Amino acid sequence: MNTESEVVSFGGVQGVYSHASTSCGCEMKFAVFVPPQAKQHACPVVWYLSGLTCTHANVMEKGEYRRLAAELGLIVVCPDTSPRGAVPDVDDNWQIGKGAGFYVDATQEPWSQNYRMYSYVTEELPALIAENFPADMERQAVFGHSMGGHGALTIALRNPDRYRSCSAFAPIVHPMGADWSIGAFRAYLGDDDNLWREHDACALIEDGARYPEFLVDQGSADGFLDEGLRPWLFEEACKDTGIGITLRMQQGYDHSYYFISSFMDDHLRWHAERLG
């Protein structure tokens with residue numbers, strides 16, 4: 001692991017690091033905020049998964065999480081959203097390729113050699129965090145935005161014993177049926193609907209996956225609300241399953257980091273309460 005940068009913030013350290021990823025077959029960067037409490041003891045880990053076109057830097061620079069993470073004693077890990085460098089890409093389509101990993105393990109060529117973001121986020125990067133940071137890996141939480149919200153929901157549903165809490169900002173809750181994700185699913189996973197269902201939050205619940213509860217914030221002025229996000233589908237999927245769902249429609253907010261930063265504290269407190 002290489003240190004790209006480290007700066008002191010709110011008594012903790014905000015770092016950016018890189019390493020040669022075996023899952024993605026390229027160099028990957030990620031950001032980690034370590035709170036001041038980590039000088040005395042291991043701290044719980046909160047994973048933040050970013051959305052389409054983003055890198056680790058978007059939330060690090062605009063998410064405004066460090067003040068409260070330092071107060072609550074939370075390590076915040078921000079991975080990239082896709083492999084980088086000399087990997088397959090589509091220059092004229094921001095919904096496939098670099099910046100659009102969708103947190104799946106691609107099975108189709110040419111994507112399958114590098115686009116293994118599910119394995120990267122759930123296996124390879126956690127092992128690296130455990131080895132190099134004062135992290136209590138028995139206490140993990142996951143949240144994210146848009147495509148990253150999709151990733152957070154599906155990863156939690158597939159690994160309910162690993163993540164004590166999960167939340168999302170404006171998640172893509174049903175990517176199998178959303179125009180801006182169908183193309184990527186077909187490219188990465190082929191035409192096997194069963195593989196698609198493993199990475200669709202609504203389908204996972206329909207197929208029997210369970211998780212204690214979710215917090216979802218959605219802006220009412222989000223331009224992607226009706227065509228790509230449709231959080232009411234997730235609320236309906238959770239009905240009569242025993243899954244708790246708190247869906248908050250935030251009036252006037254859009255899809256940007258102005259929205260995310262406005263409610264970041266709520267999500268961090270949600271996770272801190274459940275991490276103990």
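Predicted model: local features only at pLDDT ≥ 70, side-chain atom pairs only at ≥ 80, totals over all residues.
## Helix α3

Helix α3 spans residues 117-132 and bends by about 35 degrees at Leu 125. A proline, Pro 126, follows within four residues of that bend.

Both Leu 125 and Pro 126 are buried. Other buried residues of α3 include Met 117, Tyr 118, Ser 119, Tyr 120, Val 121 and Thr 122. Glu 124, Leu 128 and Ile 129 are likewise buried in this helix.

## The largest nonpolar core

The largest nonpolar core contains 94 residues, of which Phe 102, Ile 129, Tyr 188 and Phe 234 touch the most other members. Helix α10, formed by residues 257-275, gives the most to this core, with eight residues. In soluble globular proteins, nonpolar side chains tend to be buried together.

Leaving aside neighbours within four places in sequence, Phe 102 has contacts that include Leu 52, Met 147, Ile 172, Trp 180, Ala 184, Phe 185 and Tyr 188. Thr 81, Gln 95, His 150 and Ser 181 are also in contact with Phe 102.

## Val 32 in strand β3

Val 32 lies in strand β3, which covers residues 26-34. This valine is buried, with a relative accessible area of 0%. Beyond its neighbours within four places in sequence, Val 32 is in contact with Val 13, Gln 14, Gly 15, Tyr 17, Ile 75, Val 76, Val 77, Ile 129 and Phe 133.

Ile 129, one of these contacts, belongs to the buried set of α3 and is among the core residues that touch the most other members. Between Val 32 and Leu 128 there are 96 residues of separation in sequence and 12 Å in space, C-alpha to C-alpha.

## Arg 139 in strand β6

Arg 139 is placed in strand β6, residues 135-145. The residue is buried, with a relative accessible area of 18%. Its side chain reaches the backbone oxygen of Gly 276 at 2.8 Å.

With neighbours within four places in sequence set aside, the contacts of Arg 139 are Ala 42, Pro 44, Val 45, Arg 164, Leu 275 and Gly 276. Leu 275 is within the residue range of helix α10.

## Cysteines

The structure holds zero disulfides. For Cys 26, the nearest cysteine sulfur is that of Cys 24, 5.3 Å away. Because a disulfide requires sulfur atoms within 2.5 Å, Cys 26 is in no disulfide. Cys 26 is buried, with a relative accessible area of 11%.

Cys 238 is also in no disulfide, and the sulfur of Cys 202, the nearest from a cysteine, is 7.7 Å away. Cys 238 is buried, with a relative accessible area of 2%.

Definitions and conventions
Residues numbered from 1 in each chain as written. Heavy atoms only, no water. Bend = angle between axes of the 7 residues up to and from the residue. Helix = DSSP H or I, 4+ residues; strand = E, 2+ residues; numbered from the N terminus. Buried < 20%, exposed > 50% of the residue type's maximum accessible area, 1.4 Å probe, protein only. Core = buried A, V, L, I, M, F, W, Y, C linked by side-chain atoms within 4.5 Å. Contact = heavy atoms within 4.5 Å. Polar contact = N/O pair within 3.5 Å; in protein donor to acceptor, adjacent residues only side chain to side chain.
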